[in-house]
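Here is a short report on a protein model. Look at the sequence and structure, then read on.

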Amino acid sequence: MTNDQIQMTNQQARVEAERCLQCFDAPCVQACPTHIQIPTFISMIKSGNIRGAAEVVKTSNAMANVCGKICPEEVYCQSVCNRANEDTPIQIRELHFYATQSEARKKFSQVKPFPKSGKQVAVIGGGPTGIGCAFELAKLGREVTLFDRKVLGGVPKNSIPSFRLTENELQDDLKFLSTYFSVKKEEITDVKFSQLKNKFDAIYLGVGLGKDRPLGLKGENLSGVYPVLKFLEAAKVKQKKMSVGKKVVVVGGGNVSLDAAATAKRLGAFEVILIYRRSEAEMKVWKSELEEARKQGVEIRFMTNPLEIVGTKKVSGIKCRRTTLSKKKDESGRPIPVEVKGSDFILEADTVIIAIGQSIASDIVNRFKRNSKGFIAVDKNYQTSMKSVFAGGDAISGEGTIVQSVAHGKQAAHAIHKILAGKK
Amino acid sequence: MKKSKVVSENIYSEIPIYPQRDLSYDFLGLHWENPFILAAAPSTDELDIVRRGLQMGWAGAILKTTSIEGNIVDLAYPMMSTFNHDGKKLFGMGNIDLISEHHIDKVEYNVRKLKKEFPEKIIAASIMAGRKEDWQRLVERLEKAGVDFIECSFSCPQGNIGEDPGKMLAQSISATELTAKWVKEAARRVPVSIKITPHVTDIVDVAKAVKRSGADALTAANSLQALMGVDIKTFVPYPQLNGKSTYSGMTGPAIKPLTLRTISEIARNVDIPILGTGGASTWSDAVEFMAVGAGVVQYCTAVMHYGFRIIDDLKSGMSHYLDEMKFKSVKDIYRKALPHIATHDELPRRKIRSHINEATCIQCEACYLACRDGGHMAIDRNPNRIPKVDWERCVGCGLCEHVCPVDGCIEMKVFK
């Protein structure tokens, strides 16, 4: 959903809510990583109990407004909606957003006082997973201090384009949540981590990724070449003042690259080309993001591999080679692209954006055992190789969804709570 | 259709973060946790089922109507049928169920068991008999078992096991008064409520008879006798039992307006506590029932359709409603609508005209058509499809407002 789409009216919400079949043990609840009681909140919209509906959503998902706006429903709740067997799935995310926004426009419901069960937990990282964990721990009565080098918000704050999520929508969540734990603006370096380790009974790492993976090609240092996170962050700060020139090439194929391409187009680029080395079928993107990029006029060149970024001082283009898909598959199960000899060509570009993935920026990550993909390895309780230190979100699974990160935080909070309860 | 597989994760129970508002109050000499109680029906017939309902937050249950041992309950299946309307299923539900197959011995046992497990909940029982001794025996045995109140079914419309088959007890004023007296005589400790039928010429006369009998309350009203529909190919009405059918008792949203009228008419004329039942499915329905004079509201069809879980929305919706209205207790709703009900000749006569909001009009011209063919030909068409009301011809009947698909687009305003 982008800001162009208007939020449901009361009447639209009611009519849509009436379509819900109210399944027992509903598959949508199972499919939602935070297990929002979807039929319950929809029945509340139907009966006119909008505040109750928002409460049901927020009881399960702390980042209620953010997820209501940008959660990729087609991979979660709506993908399993039984109504789709009759006609079309219920617009669950839209109804969720309608409920939380309706509440946010009034006064937030009074939350009952949380119990006090002692013990102190440090959460490192103020993104969705850190916030999700901190709020759940607060609900369980633990005292939480959340550390972030900047301000609360993480990926939604820093790099999700404002045409997808407005600052106000994010603030609606943060305003509600931030009163339940203390927030410290402090970068947790390797040295500081040791101090925290002594001071707190448990630590949750929600450090996210934050470091752009380089292409490793010639010309990457030319002016006008941006790693994607830097580009998206700058675009959010500078807004329309940012200049990208007439022609932009984005190297990527994931959701973040689509965000970058659509952003470049909105910043006034005449032509935005996204190059991807495989075909559309292999793209790991959400339909809504792809549609949005195409609606903005982004051109996608499939089967195209970058070879070199060309230019003197400033970028002038990118040299590419066509690919073909081999029968062999890589570990992700997708066919491996093979370059086609003699198919080289140059795409002119004033700006080149590299969006081929991210790795963990935080240096404390070196203390922990990693999995094969380089992310922090955790057990089923989200505990890392270090006792009493837990981790979740993108730092354990790579670029994921907001709702997945919140769910990690929530589940880890319960594991932390249980372990702390056993400690004297 | 191919679906992605849902993997059930290890789900922990959510921690409630919002306080539950106290919805409790006193009525009929009893303390009610909230105004939502389970009506005598299949949902209150089996111990395991009632138990689940009470655990989920219902204030109490009226166990399905029972009778003296030896009474034969001759059920016929299928017993359920529905009235579907405009694509909505179960707008009305019909049943040809009878009273419980459990006799008083089993119900006594259930009452004892439930009262022990749920001492704070209201455990009531519904009874039906023919002879005086049987009515009184049922009351005495239930009192002894520890029941909180007794409801007497004078009005089961779908079959009758009384002495006058085909006629409901509550259709006779003298029989109602006499039988209610027997029941009240036998009840030493607990209140009794007489469940009446709306199928009478004057509901007030019946209510007055109940009042005269000394009974503590009445339950208004029961299901409505209905023929649920006819199969237009075979001409066998529903439900179909091998080529035969019979009249059903209809319940559900379709009968709510009829029940509201029954309750308000009694409340306006007779000073007697009323337990409301028949057509309530949401928290706002309960508000309406209470506003016209019901002390508590019984639910049945909505539970049979959506399960006991509807109690979550009933309680949450009622709490937020009370907050919004700045009401201290659900009792503040009680009888609030009654002063606004008048006879037709008492109604104010004002000059009213229809106003169409051009900004929200969606140009469907439904109002134009309705007024042309069913009103006063007072709406004119326009090239831009936004209808215009001719205030000379408009009398302010309000039909257009109700056929308009957009909330609040057409309003009736005083004409100056």
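The centres of domain 1 and domain 2 of chain B, taken over C-alpha atoms, lie 41 Å apart. The bounds of both domains come from an automatic or database domain assignment. The table lists them.

| Domain of chain B | Residues |
|---|---|
| Domain 1 | 25-340 |
| Domain 2 | 348-414 |

This is a predicted model: local features need pLDDT of at least 70, side-chain atom pairs count only at pLDDT 80 or more, and totals for chains, interfaces and linings use all residues. Residues are numbered from 1 along each chain as its sequence is written, while chains are lettered from A and ligands numbered from 1 in the order in which they are written.

**Chain B as a whole**

Chain B holds 11 helices and 18 strands. These are DSSP runs, numbered from the N terminus: helices are H or I with at least four residues, strands are E with at least two. The radius of gyration of chain B is 24 Å, close to the 22 Å from the globule rule for 416 residues, so chain B is as compact as a globular protein of that length. That radius is taken over C-alpha atoms, and the rule is 2.2 Å times the number of residues to the power 0.38. Along its principal axes, the C-alpha trace of chain B spans about 75 × 60 × 55 Å.

**Where chain B touches chain A**

In chain B, 23 residues are in contact with 29 residues of chain A. Contact means that the C-beta atoms of two residues, placed from the backbone, lie within 7 Å. Helix 7 (283-291) and helix 9 (310-325) of chain B are the elements that give two or more residues to this side of chain B. Helix 9 of chain B gives the most, with five residues.
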